[in-house]
Amino acid sequence: MSGHAGSTEVRESYRTLARWLESAPADLLQARSRQAELFFRRMGVTFAVYGDVESNERLIPFDVVPRIIGANEWTDLEKGLKQRVSAINAFLKDIYGPQDCIKAGIVPAELIFTNPHYRPEMQGRRPPGDIWTHICGVDLVRTGEDGFVVLEDNCRTPSGVSYMLENREMMMRLFPDLFAEHRIRPVETYTDMLLASLRASAPDHAGADPNIVVLTPGPFNSAYYEHSFLADKLGVELVEGGDLFVDDDVVFMRTTEGPKRVDVIYRRVDDDWIDPLTFLPHSSVGVPGLMAAYAAGNVTLSNAVGTGVADDKAVYTYMPEIIKFFSGGDPILGNVPTWRCREPDALKEVLDKLPELVVKEVGGSGGYGMLVGPASTKAEIEDFRAKLIADPDDFIAQPTLSLSTAPTLDAAGALSPRHVDLRPFVLSSPAGVRVAPGGLTRVALKQGSLVVNSSQGGGTKDTWVLDD
């Protein structure tokens, strides 16, 4: 029912669902699926696709068959996620501080200092509470019975949490009887966890009730729905750059009652655009002087500036060594085996095996700029070969994984296996590291496809973590 491509055995965690499906009327899932689409449309749960002329706003397809993870398996996963994100935080603190991991030869210096997301402005600086990645989304895939491996880390402005919460609400509305038969850990506590995390990360002056805002680039951003959704759920103001100003290294929000001091900014604006006085001078979505207020320790930016170094795909290949260096233990969650094309021997091997590999740009995201060898034409492969030879440093390569599948409602109304990945959300603050029980399961809706990104036509499912 769920498991490796090719296996038909029902996993223990799916047995109750399998029984329920057997007794459900044939057209029930299709009817509920249509209802879900109607609800999502009415609520305006959309995301925009850049460069897609036909539709700026798209519904992310939602699959009504939940993905289920057993309690014990989740316990192991949670330990691994906490270890990984704690190590990422320690790594960021180190590369912008003493740089012990570079001195010890764990990570090559040029990989950090020539990285487009490395911010020299942060060198020697410490964010409030020493937390760099307040919110981290870790993309996981299961490639065998023995658990999950990490596909990539998202430490800048990870998105998708609104879909995790909306999917759960939708399932509770459509399948109350199925919920009654399972003990499912709640994900709706995520916003309380996030609020507590942001409060704990505020600068010392802010006291017990810091003023928190969500900073969005505005309604034209592809994730704007999520920005407004989160501000609403957190009970904080959604602001654009023009709503804030800096006076004497302190950030204020313009309100009808006059200026109000801001202590924590949960930002969904990338580093480059955040302050036109420090980064891109033509940015109209940033706040002039924000970096000076940040350097003075008067405001927390979540996530910190410069965290993009840690979610670069070339740095990812060193993550097992980074985890060992900073945590003192072996990584609980492994990486996908990866060739670093910057290394001549690896490049030679990749060029030899190009038709069977997945090749990714080290700074790419959203499924763009990649080659999926087995699904590409000879011409596409040769095009990519030329790119690789011209700029080997820009690429990594991985085997085409035989990803696990989960039962999914197909266009004909039948259940069939589709490839899935999982993005759990990990919250860090001086009070500790917490993981929301579940995450966003993304599903490749095309049969046989391995690409789950919503920008590439993938869909989502609700993720159930069972209680003991």
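Strand S16 (residues 357-361) pairs with strand S17 in the antiparallel sense over 3 bridges, where two strands pair if DSSP finds at least two bridges between them. Helices (H or I, at least four residues) and strands (E, at least two) are DSSP runs, numbered from the N terminus. This is a predicted model, in which local features need pLDDT of at least 70 and side-chain atom pairs count only at pLDDT 80 or more, while totals for chains, interfaces and linings use all residues. Residues are numbered from 1 along each chain as its sequence is written, and side-chain values use heavy atoms, with hydrogens and water left out.

**The four-stranded sheet**

- Strands of a sheet pair through backbone hydrogen bonds, either parallel or antiparallel.
- S16 and S17 belong to an open sheet of 4 strands in the order S15-S18-S16-S17, with antiparallel pairing.
- Strand S15 (339-340) and strand S17 (370-372) stand at the edges with a single partner strand each, so one side of each is left without a neighbour in the sheet.
- Val-359 stands opposite Leu-371 in S17.

**The three-stranded sheet**

- A further open sheet has 3 strands in the order S9-S10-S11, and the pairing is antiparallel.
- Its edges are strand S9 (244-247) and strand S11 (260-261), each with a single partner strand, so one side of each has no neighbour in the sheet.
- Strand S10 (residues 250-253) and S11 run antiparallel and are joined by 2 bridges.
- Phe-252 has Arg-261 in S11 as its bridge partner.
- The loop between S9 and S10 contains Asp-248.
- Asp-248 has a positive phi of about 55 degrees, although it is not a glycine.

**Helix H6 and its two partners**

- Two packed helices are described by the angle between their axes and the distance between the axes.
- The axes of helix H2 (residues 28-43) and helix H6 (residues 161-174) come within 11 Å and cross at roughly 130 degrees; axes are lines fitted to C-alpha atoms, for helices over the stretch in contact, and angles run from 0 to 180 degrees between N-to-C directions.
- This angle makes H2 oblique to H6 (angles under 35 degrees count as roughly parallel, over 145 as roughly antiparallel, 65 to 115 as roughly perpendicular and the rest as oblique).
- The crossing of H2 and H6 is right-handed; a crossing is left-handed if the near helix is turned anticlockwise from the far one by less than a right angle, and right-handed if clockwise.
- On the H2 side, the contact (heavy atoms within 4.5 Å) is made by Arg-32, Gln-35, Ala-36, Phe-39, Phe-40 and Met-43, and on the H6 side by Glu-166, Asn-167, Met-170, Arg-173 and Leu-174.
- The residues of the contact of H2 with H6 comprise 6 nonpolar, 2 polar and 3 charged; Ala, Val, Leu, Ile, Met, Phe, Trp, Tyr, Cys and Pro count as nonpolar, Asp, Glu, Lys and Arg as charged, and the others, Gly among them, as polar.
- The axes of H6 and helix H9 (residues 224-234) come within 9 Å and cross at roughly 70 degrees.
- Val-161, Ser-162, Tyr-163, Leu-165, Glu-166 and Glu-169 of H6 meet Tyr-225, Glu-226, Phe-229, Leu-230 and Lys-233 of H9.
- The contact of H6 with H9 has 6 nonpolar, 1 polar and 4 charged residues.

**Helices H3 and H13**

- The axes of helix H3 (residues 71-95) and helix H13 (residues 319-327) come within 9 Å and cross at roughly 85 degrees.
- Residues in the contact include Ala-87, Ile-88 and Phe-91 of H3 and Ile-322, Ile-323 and Phe-326 of H13.
- By class, the contact of H3 with H13 has 8 nonpolar, 2 polar and 2 charged residues.

**A cis peptide bond**

- The peptide bond from Ser-302 to Asn-303 is cis, with omega near 0 degrees.
- Asn-303 is found in the loop between strand S13 (300-302) and helix H12 (313-316).
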